Structure formats: C-alpha cells, structure tokens
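Here are my notes for you on this one. Keep the picture open while you read.

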Amino acid sequence: MKTGAGGITILILLKITWSIWLNSQNSIKIIINKKEDKMRTNKYLVVSMAMSLAVTIGVGFSSCKKDEPTPVIVENPLDAEVYYIAGKVISENNALEGVKVSASSVEATTAADGTFQLEMKSKDDCIVTFEKSGYVTVTAEVGFPADAKKQSIVLLSQELETKNPPVTISSDVEQTVIEVKRKMIELTFPAGAVKSATDITVTAYKEGAKKTQAGTVRASLSTVNCEPDGQSFEKPIELRMKNPTGKGVYFADVKHYVEKNGVWSETGAADYNGNGYYVTSIDGFSNHSFGVPCSSQKGTSKTENLKSIVIDNLGKMDSQEQSIDVTSHLGWKIDGTTSDLLKKQLAGLSDSDITALSGAVELTLASLVGGAPSVGEMTLKRDARISGDMKTTVSIVERTTTTVFSFPVVFGGQTVALTIPVVKYDGVDLVITTEKGASHGTHSGGSVE
C-alpha cells in the first residue's frame, strides 16, 4: 500500500488507539479488584474497534489511490467558433486558379480546381471580393443564417470574365464600340468626346450574389465594366443595351445604375425605344448596369442530413485524430423548366421568343444568386481531434432555400409579372454530439487530466 492520505490517517488512528490503551491501564490500577475482569474486557473491545476502523479507512483510501487510467484531454478543432465561406470560381466554364478571394481581413487563393475557403471569426454579413489580373473584379454579398451553428459553411460560386482588348477612341470622329463577348452593349462616342486619342475597354460580366431579402432588389439584365475607371468625357456618351428577350416581349421599368466605390446608385430610366434597345447616356466611366426591379419572396427552407460520421474512441485513453470529408451540393437551379414556366405565364409567345426570354431570365437571376443555374458538388476537409475515452458524432446537414423571384415584362401591350422559383444550396451545418466514457466521471480521490 502506498503512503498517502490513507496511510497518514492510519498512523493517527493507531496513535489514538495507543493513548486509549494507556489510559485504560491507568484506570485499571484505581478500580476495585472485583471489576478488573470487566474493565479488561472493555479495554480490548475499544482497541479492537479502533484498529478495525483504522484498517477499514486505510483500505478505502488505498482503493481510491490505485493506479487508474486517465484519458488524454485535448481541444477538438470542431469545437472552435469559426464560420466558413467556401466555393468555386470559374471562367468560360473552366475552373480558375489563382484568384484572390477576400472578405474583411481574411484572404485565400483559389486552387487548381477553382475552389477556395475563408475562415471567418464571426457570422456577420460581409462583402467577398474576387480579383485576378486581366479579369474584371467582382464583389458578392454573403450572409450567415441567424441561427448558424459554429463550423457552418456558406457556399458561393462566381464566374469571372477576362477583360476585352482595348479600343482607341479618336477625338475628331464619331465612333460606336460594341462589347464583343455578348454583343448586347453599344456605346456611341460623338466627335469631341475626348480631347485626344484614348484607349478604353468595355467588358460585360456577371455580378456576384446578393443577400436576397423579402422586397424589391435590382436584378441586372446586363452589367458592363468600362475602363479607365473615372474617365470623364467632354460630351455625353450614348449607352445602349439590346433587348435580350426577342421581339414579342421586353422587360418593363428598366433603370440605369452606376457603381462608385462599391456602391450602386440609380441614375434614371433606361427607356425602351421600340427598336430593340434600352437607351441612356453617361458622362464618365465606371461599372454600369441595366437593371430591372425584381421582387423576391423567400419560401420554404429545408435541411437534409447527408451523412453522419462516428469517431469512436471509447475505452482508449489516448486521443485520436481524424480527417473528415464534408461533401455538399454547390449552386442553384430553377424549380422546374424555365421555358415551361414562361409558356404557362405568357401563352401565345413564340418558341423563339421563349428561348430568348429563358436565357435572359437565367442571366438576370445569376446577378442575384451568383454563377450559372447549375448544381455540382464540393468537398471540404475538416480535422477532428478527439479526447481519450470519448465518442464524437459529426452530422453533415445541408441547407436549401426556395425563393420566388418576380420580374415585370411587357407582353401584348400589358405588364405581366413573371414568377420564377429558385432552389439555392446555401451550405451545410456540422452538428456535433459527444459521449464520454466512464473514466471521465468523478469520485472521491479520482482525477481527470
């Protein structure tokens, strides 16, 4: 038996017993002879009881001090309060490597497969910026659900456009520049618009996702980057956008917007001239947008448990490390077929106009939810480290939201509100539960390291 608190207690009790015995001896000398046998018997009973008590207590302390295994306690990375923004960047349907992705003071660079992830310390709303030399810089709005759990992941997809080659504008002749990728944007520079020959670039691009809320937001029919940013002109420049929907229908109430210092502002109406163009004028270069008012109403939100991963370390005192693959869907889709939805709402519209309108609607929706209407998969890795004698279960729960968007169009001389339901894969939550083994319990003399 080891000497410890129990051993010290035994020594004390034995000392007390010895004192009792000595006192009993003194008492025996002064009592009458006829009671001598009775006192001797009491003496032995006292000694026996004290020694039995000492042995019992000693055994109790000794049993608590036996060498018991104690689990190694570690901090599980999955317990840290962090939130992730992750996604993929593409260009012309190909993964784009080397894109700088930043939000607040956090930065990442896309890998060879175009993927990225940002580790955020809070679930506050933020602006994500995508930058790469030779490409138009794009920003997107990101928001975490109010009830987002720690380790939650918000997914974001983005398409970047390479800048078009420069075009030289002369000072003494009128010139029209057509954006070469989508051929929807035209700019006419009157003679004298610039003081001397000036190189410009005009590039159509897709805006980043917006944090959709109930109400009316700006949906972009076409957005164009014009450089040099801040370039001013001596005379107004006519900016035109071709009607993207065909001849039988067009978007109503289109406005012109300009972006300065990351903020979009409405400058006035972009009138439809009846000849297939929306027209406005500008006096300087920035990012410009032809936007249509779009109302959005969030519908059903769903969760689905994709899988559960069990890390069973019960009965083992050493900690255990394990990498977890978190695979979920990325992107969005229209709840139904776009053309079928439009045919039901615009009966009599020609097939060619339905096709053109379908493409315009999907491109416009992309300016709200980001990326193209497609759904893929993305796998992220998380590291777990589990304490000894513990079991941890990680459930991967996917979140989706259905939002109904509504656009005003003019068809047959009347304004009609087109409604398009969109299902967006918002991201995943990691639901973590733990079970502790018996060695984590507490009892007298026990300890947990």
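1. Start with the open sheet of four strands: the order is β4-β3-β6-β7 and the pairing is antiparallel. Strands here are DSSP runs of E, at least two residues long, numbered from the N terminus, and two of them pair if DSSP finds at least two bridges between them. At the edges sit β4 (106-109) and β7, each pairing on one side only.

2. Before going on: this is a predicted model, where local features need pLDDT of at least 70, side-chain atom pairs count only at pLDDT 80 or more, and totals for chains, interfaces and linings use all residues. Residues are numbered from 1 along each chain as its sequence is written, and side-chain values use heavy atoms, with hydrogens and water left out.

3. Now zoom in on β3 (residues 100-103), which is joined to β4 by four bridges and runs antiparallel to that strand. Ser 102, for instance, has Glu 107 in β4 as its bridge partner.

4. Which strand gives the largest share of the lining of the second largest pocket? That's β7, with four residues. A pocket is an open set of points on a 1 Å grid over the protein atoms alone, where a 1.4 Å probe fits, with protein on both sides within 12 Å along at least five of seven lines; lining residues have an atom within 4 Å of a point. This pocket has 20 lining residues, and Thr 139, Glu 141, Arg 218, Gly 262 and Trp 264 lie nearest its centre.

5. β7 (138-142) also supplies at least two residues to the lining of the largest pocket, as does β8 (153-159).
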